[in-house]
Amino acid sequence: MSTANEAGHAPGADMREEQRVYLVIMDDTEEGARALRFAARRAVRTGGTVHILALVPRQEFVVFGSIQATIEAEARERAEDLARAAAGSLASESGLTPAVAVRTGSGPQVVREYLGQHPEVSALVLGAAAEGNPGPLVTHFTSHLGQLPCVLMIVPGSIDERGIDSFS
């Protein structure tokens, strides 16, 4: 029984090369929609797939615990609905069935943890805002490029759907 393929790699070692996995952070912004469109088109063209990660920010401390629990549950439900809608749109438009995850916590920390748990992810795809600050995740990850285990792709905020389709 052999434990290496013909190229001498361990089994599954080239899975990352065979199927590209594009991770998109989904929210209700235009930036998230542009990133998802780009990732979907790249995945179709490269024979890859998409992972959608919806973030639920930790809520500020509220004096009454039951109110805080309700706020957190509503935020999680909104994130789950958004992720399901994005996955449904992606499936109907491209035929791809994405992996979907909803996680609570600080955006950069949650993304790093997800990448650590999913070494198959080949690219983190983020959308930048059209004006002003490009966004907290873009700002964070561009300043920590050397620490990412994958490629970082940033979709410019000023690009329209036709532009995304042409360069994806």
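pLDDT is the predictor's confidence in each residue, on a scale from 0 to 100. For this protein chain the mean pLDDT is 86, and 85% of the residues reach 70 or more. This is a predicted model, so local features need pLDDT of at least 70 and side-chain atom pairs count only at pLDDT 80 or more, while totals for chains, interfaces and linings use all residues. Residues are numbered from 1 along each chain as its sequence is written, and side-chain values use heavy atoms, with hydrogens and water left out.

A contact here means heavy atoms within 4.5 Å.

## The overall layout

Let's walk along the chain. There are 6 helices and 5 strands, and reading along the sequence gives the pattern α-β-α-β-α-β-α-β-α-β-α. Helices (H or I, at least four residues) and strands (E, at least two) are DSSP runs, numbered from the N terminus.

The chain has 168 residues, and 38% of them count as buried; buried means under 20% relative accessible area, exposed means over 50%, and partly exposed is in between (1.4 Å probe, protein chains only). Among contacts with a separation of 6 or more, 71% are between residues 24 or more positions apart.

L36 counts as buried because its relative accessible area is 10%. Leaving out residues up to four places away in sequence, L36 touches V24, M26, V50, I52, A86 and L90. L36 and L126 are 90 residues apart along the chain, yet their C-alpha atoms are separated by 8.4 Å.

Now for V110, which lies in helix α4 (residues 107-117). With a relative accessible area of 3%, V110 is buried too. Its contacts, apart from neighbours within four places in sequence, are L53, L55, R103, T104 and G105. V110 and L53 are 57 residues apart in sequence but 9.2 Å apart in space, C-alpha to C-alpha.

## The largest pocket

A pocket is an open set of points on a 1 Å grid over the protein atoms alone, with protein on both sides within 12 Å along at least five of seven lines; a 1.4 Å probe fits at the points, and lining residues have an atom within 4 Å of a point. Grid points are joined across faces, edges and corners, and a volume is the space filled by probe spheres set on the points.

The largest pocket holds about 530 Å³ of space. It is lined by 26 residues, and I25, M26, D27, D28 and T29 are the closest to its centre. Which element gives the largest share of this lining? That is α3, with 4 residues. By class, the lining has 16 nonpolar, 6 polar and 4 charged residues. Ala, Val, Leu, Ile, Met, Phe, Trp, Tyr, Cys and Pro count as nonpolar, Asp, Glu, Lys and Arg as charged, and the others, Gly among them, as polar.

## The second largest pocket

The second largest pocket has a volume of about 310 Å³. Of its 18 lining residues, A33, R34, R37, E93 and E161 are the closest to the centre. Two or more residues each come from α2, α3 and α6 (161-167), and α2 gives the largest share, 7 residues. This lining divides into 9 nonpolar, 2 polar and 7 charged residues.
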